[in-house]
Structure formats: C-alpha cells, structure tokens
Amino acid sequence: MTPPTVSSSSRSIRVRLAGDAADRSYTVVIGSGVLGGLGAAIHSRPTDSVNASRAIIVADSAVLVSHAAAAEASLQAAGIDTQTLTVLAGESAKSVTEAARLWSELAHLAADRHTHIVAVGGGVVGDLTGFVAATFARGLPFWQVPTTLMAQVDSAVGGKTGINLDAGKNLVGAFWQPLGVVADVNTLATLPEREFKSGLAEVVKYGMILDAQFFGWLETNAHSVMARDPAAILYVVERSVALKADVVERDEHERSGLRAVLNYGHTFAHAFETTAGYGVLLHGEAVAIGMACAARLAMELGHIGADIVARQDRLLESLGLPLRAPCLRHTPAEKLLAVMARDKKAVAGRLNFVLPERLGHVGLVGGIDPSLVCRVLMQSLLSDCPA
Ligand SMILES: NC(=O)c1ccc[n+]([C@@H]2O[C@H](COP(=O)([O-])OP(=O)(O)OC[C@H]3O[C@@H](n4cnc5c(N)ncnc54)[C@H](O)[C@@H]3O)[C@@H](O)[C@H]2O)c1
Ligand SMILES: [Zn+2]
C-alpha cells in the first residue's frame, strides 16, 4: 500500500523490489513538512494484518528535542503509543556495545514483532537501529526518518544496516529494508555545514556513476546547492533517491555486481576512515578523497582522460569537499592497502575497484597492481610509499 500524499511539496519514490521480495517494496516520501505524515504512513503498513499501535523511536541525541519530538507528535496524533531511546551522536555509536545496549533496552520494553522501530537521525543512527531491528526477535518492522543529507540521499534507502569493528567499517550487518522512509528536507535546516557538505559527496557519486546530466546540473547549480536553496535541495534528494532506488531494485543484495557501482570511491574511503580512527574524517569527506583517488587510478590505467579527473575535482571543491587527507599524510600506503584487502568487496584479498569509464558510467576492475594503487595513494595523500 502506498502511504498517502502528505504535503503538496512532497514527492514519493517507490523502491520496487522484485519477485519474492515484492511485498517488501516501500515508498520514500521526500518533501518539506512531510514528517507530520509519519503516523499515517506507518498505519498504511500493517504487519501480519495487525495495525500499528506501538512504536519505539531511536533518536540521535542531537535531534531529540527537535525532529524526534516532531516524529513522536505525528505518531501520537495517529494513535500510536511511543517510547524513545537515544543514541549519542557520532560514528563511534555504530558499535557492538551500542547495539547490545539497544537490544537490552528493547527486551526491557518488551518489544515484539508488531512494535515498529523508527530511526530518527543520520546514517549512524539509521545503520545502527536498522541492524538492531533486523536482529532483535529475528526482525522488527523498521522505519527510517533521515535528518542528515547523507541519510536522505543515501543511507536511509536500500536496506544496508550495520555496525563497525576495529578491523573495519560496516563489517557486521544485515540487509533489512525499511517499511518506509520519510525524508523531511526541513530537518536539514539545523544540520551543521560540515555535515551538509559530507552528504554532497554521495550526490557527486551518483552523477559520476549513473547520470552525466545530473553531474552537469550540479556543476551549474553548485552555488544554489551550497546556499541550501529549497528547490535545489529537494531536487538533489529526489534525484539521488531515484538513482539509488533504481540500482537497489535491480540488485538488492549486491549479488549481480550492479549494486557495487554505489561503492565508487568507497574501497579507498573505508580504509581512510578505519585508519584515521572513526569520526576523524566524516564519511562523505572520506568518499570525496576516495573518489579523487579512484579517478586518478582510472586515469593511470588509461580508462579516462585528465579532463574527467579535473571536472570531478572542481565539482568536489566547489561543494566544499576535500581531495586530500592531511591527517593521513604520515600513514604508510602499505597500511592502507592492508586495510583495503580486508574490505568486504575484496575477494580472497585481491583488490577490486569501481572505476569511471566515462562521466556517468563506471565499471568493476579487478587484479590491479598494488604498486599502482600505492602510487595513487602517495600522490593523493602525500604519504610515504614503501614500494
Ligand atoms: N547504509 C548505507 O547504505 C549507508 C550509505 C551511506 C552512508 N552510510 C553510513 O552513514 C554514516 C554517516 O551518516 P551521516 O553522515 O548522516 O552521519 P551521522 O549520523 O553521524 O550524523 C552527522 C552528525 O549530524 C548530527 N545530526 C543529525 N541530524 C541533524 C540535524 N538535522 N540537525 C543537526 N544535527 C544533526 C548528528 O548528531 C551527527 O553529529 C556512516 O557510518 C556511513 O557508513 C550508510
Ligand atoms: Zn557512502
């Protein structure tokens, strides 16, 4: 069932999962003021024919009194009982310790399979809460209310949930699709500048991997995006979600290799985040630097010309994103290579990279000579190369 239209300035994008997964298809509602429709959206998705009567909100502490309270008000207005759990802001919350704490809290609150779990916050709270919802009582109904640009354009859609280990980012997780996503762009008004820019890295990623026209639109409209012009932001979120939904629909569990395109820049990025220490580099910052590395690697391999590298660099810079990581300049490239070899996308320790072939198109490239990767890292991070 499709949730009702909740605001005249809202858009609904359907994530249509195929075959046996069809009943797990869901709607992403995007718009200004759509948070007020959360309760009605939840009522539109009964579980095992039981209408929702109870929800537990898991909220980022930074949005507790603002957006989580608005979510709670919408649920209560729809006659749904609510309780709220809080998670301290920041990447370090995506941990086994926090997951275990939430499992205990859910047990204490006697959550059952008809208790809807609603994540209100950024990608950290969404990934953590989704993982807890996927695993508690073998799976609870789950909703995403993303309040960062990163979460609205990327992490809230697609069903990847998880936590970090010291050994690597997102190493423990589950695919657990939400029953719906309510992305209210008004919540972005309180988002700090650095976090806003971090989300834009994933937006540039969509242009690079899937949509040259969107990339061109971003080049032309970078100023309006940075000024957070409401129409520009709505378009950025809408286009990004549509592009991601299309990929997820065709390869929900990253089996055919199609969904892997979304990992452009991420093999590098995850190694930077793990090595710098979680939270030192924001995820989007690491992705921006990772894309700068990946484009250079593609150029070294002769897949793209210097013009594409320069256009990506210019767009990232115009959106206030970094191309280099001074915090990693003393990290030996071999240490980063070792972390990359442990990445989930590595097969038997061999490095695979998603690399651009032209603007708006990428391919998966395997068996790359590690010394070439090392050279790119050395140029990009200004670190010492042992080779
Ligand atoms: N599951 C996926 O498919 C996927 C995709 C992309 C990223 N991710 C993950 O997402 C995480 C990053 O997410 P993020 O960038 O949203 O970071 P985040 O969740 O840490 O949020 C960023 C900061 O903004 C604060 N915040 C959130 N909403 C706010 C608001 N409206 N106003 C003011 N402050 C607000 C938070 O407290 C936090 O300090 C990473 O762990 C990354 O791995 C997952
Ligand atoms: Zn990402």
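Across the interface of domain 1 and domain 2 in this predicted model, the rule finds six salt bridges, where a salt bridge is a side-chain nitrogen of Lys or Arg within 4 Å of a carboxyl oxygen of Asp or Glu. Side chains of opposite charge can pair when their charged atoms come close. The whole count by this rule comes to 19 salt bridges. Two salt bridges from the model are set out here.

| Salt bridge | N to O distance |
|---|---|
| arginine 11 and glutamate 238 | 3.0 Å |
| lysine 169 and glutamate 91 | 2.8 Å |

Lysine 169 lies in strand E8 and glutamate 91 in the loop between strand E4 (81-87) and H3, so this pair ties together parts that are 78 residues apart in sequence. Helices (H or I, at least four residues) and strands (E, at least two) are DSSP runs, numbered from the N terminus.

Now for the two domains themselves. Domain 1 covers 10-190 and domain 2 covers 193-381, with bounds that come from an automatic or database domain assignment. Their C-alpha centres are 26 Å apart. Domain 1 brings 33 residues to the contact and domain 2 brings 36 residues, contact meaning heavy atoms within 4.5 Å. Between them, about 3,000 Å² is buried, and carbon and sulfur atoms give 64% of that area; buried area is the accessible area (1.4 Å probe) that two parts lose on being put together, summed over both. On the domain 1 side, Leu149, Val153 and Lys169 supply 21% of the area buried against domain 2, more than any other three residues.

The interface also holds 12 residue pairs in polar contact, both residues being at pLDDT 80 or more. A polar contact is a pair of N or O atoms within 3.5 Å; within protein, one must be able to donate a hydrogen and the other to accept it, and residues adjacent in sequence count only if both atoms are side-chain atoms. Elements giving two or more residues to the domain 1 side include strand E1 (10-15), helix H5 (149-155) and strand E8 (168-175).

Next comes the metal site. Glu202 (OE), His266 (NE2) and His283 (NE2) coordinate the zinc ion (ligand 2) at 2.0 to 2.1 Å. Donors are N, O and S atoms within 2.8 Å of the metal (3.2 Å for Na, K and Ca); water is not among the atoms, so sites may look incomplete. The donor spacing in sequence is E-x63-H-x16-H. Histidine 266 sits in helix H9 (residues 266-276) and histidine 283 in helix H10 (residues 283-300), 17 residues apart.

Two backbone angles deserve a look. Most residues other than glycine have a negative phi. Alanine 110, however, has a positive phi of about 55°, and alanine 137 has one of about 50°. Alanine 110 is in the loop between helix H3 (96-108) and strand E5 (116-121), while alanine 137 is in the loop between helix H4 (123-135) and strand E6 (142-146).

Residues are numbered from 1 along each chain as its sequence is written, and chains are lettered from A and ligands numbered from 1 in the order in which they are written. Local features need pLDDT of at least 70, side-chain atom pairs count only at pLDDT 80 or more, and totals for chains, interfaces and linings use all residues, while side-chain values use heavy atoms, with hydrogens and water left out.
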